Every structure is written in C-alpha cells, then in structure tokens.
Amino acid sequence: MTGALDTLTRYLALCDVPRRAQGELEELFTEDAVWEGGGAAYGERFGRTEGREAIVAMLSAYLPPNPHFRTNVHLLLPGTLDATGSTVHGSWPMQQLSRYESGDTEVMVAQLDVTFRLDPDRARISAFRTERLFSAPLTEER
C-alpha cells in the first residue's frame with residue numbers, strides 16, 4: 001500500500017509550481033483512468049475526464065509553460081488506505097496554497113478519493129476524485 005501513497009505524493013509534487021511535469025504524469029495513471037471533480041464547486045468546474053492522455057492534457061493546461069499558477073503547493077494530510085487484491089482505495093484531505101498569474105492568492109482544502117491499480121512496477125491511479133471543502137483568499141501581512 002506504500003506504493004499507492006508514493007504515487008499520490010509524486011502526482012501532487014508534479015502538480016506543484018514551479019515544476020515541470022513533462023512526461024512523468026502519464027506514468028502515474030492507468031490507460032483507462034478517470035479524473036473527476038465532485039460536489040457543486042468542482043463537479044461543474046472540472047467535470048469528468050476519461051483516459052490517461054485526456055487526463056494529462058487537462059492537467060497540463062494548469063501547469064507551466066501555461067500561465068495559470070505563479071506558485072502552487074499541495075499538502076497531503078493523513079488519510080486512510082484499504083487494499084483488496086490488486087486494488088487500493090485511499091481517502092485524504094489535501095490543502096492547496098496558490099498564487100495565480102493574476103496575483104490573487106488562495107488557500108483551499110479538498111477531499112481526495114483515489115483508487116489505485118497495483119501493477120508489477122508501481123501503483124497507478126485508476127480513479128481520482130477531488131471535492132472542494134473550503135477555500136478563502138490569502139492576504140499578505142506587512
């Protein structure tokens with residue numbers, strides 16, 4: 001099950017900015033993976049994306065060299081993992097701190113529900129669901 005957590009941690013690190021995720025994101029997903037937003041805020045904003053290539057294309061729209069984030073960091077909080085055969089399901093709260101190209105800043109907390117398929121070489125994400133629980137602008141103290 002450690003492999004599943006390693007895969008999720010690597011995924012979040014590749015989505016941090018500044019970083020370039022070239023080529024590595026696709027290695028983390030199964031061919032038939034599904035990535036979706038849940039709840040009112042993220043269901044509408046992200047919808048549902050199916051297939052590894054489509055998921056990587058969608059995620060890449062938010063990452064350099066595309067101008068979306070100036071800086072962005074994901075903090076994974078303690079969660080749970082359950083294994084059944086070659087499948088592992090995990091659930092975690094995740095905090096994201098972002099500074100956008102516009103200069104706006106935000107702190108956000110989401111619930112991640114992720115299913116992994118254990119391949120001989122690594123755990124790969126087969127289903128990823130994120131639901132926003134809380135968000136607020138960040139202000140700079142002077």
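Leaving out residues up to four places away in sequence, T7 touches L28, F116, R122, A123 and I125, where contact means heavy atoms within 4.5 Å. This is a predicted model, in which local features need pLDDT of at least 70, side-chain atom pairs count only at pLDDT 80 or more, and totals for chains, interfaces and linings use all residues. Residues are numbered from 1 along each chain as its sequence is written, and side-chain values use heavy atoms, with hydrogens and water left out.

**T7**
- T7 lies in helix 1; helices (H or I, at least four residues) and strands (E, at least two) are DSSP runs, numbered from the N terminus.
- T7 has a relative accessible area of 2% and is therefore buried (under 20%; exposed is over 50%, partly exposed in between; 1.4 Å probe, protein chains only).
- Between the C-alpha atoms of T7 and L59 there are 16 Å, and the two residues are 52 apart along the chain.

**Nonpolar core**
- A nonpolar core is a set of buried Ala, Val, Leu, Ile, Met, Phe, Trp, Tyr and Cys residues joined through side-chain atoms within 4.5 Å.
- The largest one has 32 residues, of which Y11, F29, W35 and F116 touch the most other members.
- Elements that each supply at least two residues of this core include helix 1 (2-14), strand 1 (29-38) and strand 6 (105-118).
- Apart from neighbours within four places in sequence, F29 is in contact with Y11, W35, R52, I55, L59, R124 and I125.

**Strands 4 and 5**
- Strand 4 (residues 80-84) pairs with strand 5 in the antiparallel sense over five bridges; pairing requires at least two bridges found by DSSP.
- In this pair, T80 stands opposite S91 of strand 5.
- The two strands form a hairpin with two residues between them, and G85 in the turn has a positive phi of about 60°.
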